[in-house]
Amino acid sequence: MEQQIRFCTTPDGARLAYATVGQGPALVYLGACVSHLELELEDQSWSAFFEKLARYHTIVRYDRRGVGLSDREKTDFSLEAELRDLETVIEHLGLSSMALLGTHRGGPLAIAFASKYPPRISHLALYGTYARGDAVAKDEVKELMISLARAHWGFGSKIMTDVFMPDADSEKAKRFTKFQREAASAEFTADSMAAVYQIDIAHLLPTLRVPAIVMHRKKDRTMPFQQGRELAASIPDARFIPLEGNVHFPWLGNSDPVLRAISEFLGDPITTESGRVLVTLMFTDIVGSTEKAAELGDSRWKELLEDHRAMVRTELIKFQGREMDATGDGFL
């Protein structure tokens, strides 16, 4: 999978690395606390997962401040600071409309962004995530996890591997250890875990007005299944999709149900057994547009076009359609 890695700069001067791959409407992926845009490609399971999503979407990913290829200095681990950095990436790319896929720590960030910018979000897909950090685990378990990260991160700890990747073979465990060492420091990871437990965006859930699905594996060892169920119950009209398995990362284990749920939700073309793709195309055109424009004048005609596009886009979101082009008075 070939990706384009570039950099943008936040208002306070931090450089953030971001990557794009695929083509089609933007799908912004917000994942766990730690990432590395280059190293992730070395995992064949990871590459295969995102290659399938990239068939019909431009996948946008970025390394958070403090990890991967982005500037490593970070002192503010609050959700508000994360939101400001995400806004920097999205504004840099000029994205006016996008779908969000939030997993683990990226879930609350996706929810916060969707709550702040509802007209810009076509779909909100959440996997293995949560709303209230204080409910993720008992206090003694939280303290243990933070201590484990600080003491064992990057040293090939079997305990750390079993939490995130149960049943991983020796090759996967070795690659995960390399990822830990190069993606982030132990101190950063421990501080990030502490921040996970402090987040609470439960008050935002009832305010969401975007199409949403929540996916969660029943035996996830990292994020309790109950978190996903409660998350879906609090988002208006959200669909909850329980999945089998105990692996936290969506690209490991049986990833097909996850991919299928996301693709169906996003309205991706359906491929039949013969390999043919079923697609519905709709083109609209305002009748007598030339005469109408002359009658109304430039200013009023422009307002009418904007109203028309807003109406069509509302229907696209409602029926999970995809905007291909909008030029003149036409809409595809």
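**Entry 1: L243**

I started at L243, which I found in strand 8 (residues 239-243); strands here are DSSP E runs of at least two residues and helices are H or I runs of at least four, both numbered from the N terminus. A note on what I am looking at: this is a predicted model, where local features need pLDDT of at least 70, side-chain atom pairs count only at pLDDT 80 or more, and totals for chains, interfaces and linings use all residues. Residues are numbered from 1 along each chain as its sequence is written, and side-chain values use heavy atoms, with hydrogens and water left out.

Is L243 buried or exposed? L243 counts as buried because its relative accessibility is 7%; buried means under 20% relative accessible area, exposed over 50%, and partly exposed in between, with a 1.4 Å probe and protein chains only.

I then listed what L243 touches, leaving out residues up to four places away in sequence: Y127, M215, H216, R217, K218, P257 and V258. Contact means heavy atoms within 4.5 Å. I also checked D298, 55 residues from L243 along the chain, and the two C-alpha atoms are separated by 53 Å.

**Entry 2: the core**

Next I looked up the largest nonpolar core, which has 91 residues. Such a core is a set of buried Ala, Val, Leu, Ile, Met, Phe, Trp, Tyr and Cys residues joined through side-chain atoms within 4.5 Å. The members touching the most other members are L53, M98, L100, I111, L124 and M215.

**Entry 3: helix 1 and helix 9**

I found helix 1 (residues 44-53) packing with helix 9 (residues 256-266) at about 20°, axes 10 Å apart. Axes are lines fitted to C-alpha atoms over the stretch in contact, and angles run from 0 to 180 degrees between N-to-C directions. The two helices are therefore roughly parallel; the cut-offs are under 35 degrees for roughly parallel, over 145 for roughly antiparallel, 65 to 115 for roughly perpendicular, and oblique for the rest. F49, K52 and L53 of helix 1 meet D256, V258, L259 and I262 of helix 9.

**Entry 4: helix 4 and helix 7**

Last, I checked helix 4 (residues 139-152) against helix 7 (residues 186-198): the angle is about 160° and the axes are 7 Å apart. That makes helix 4 roughly antiparallel to helix 7.
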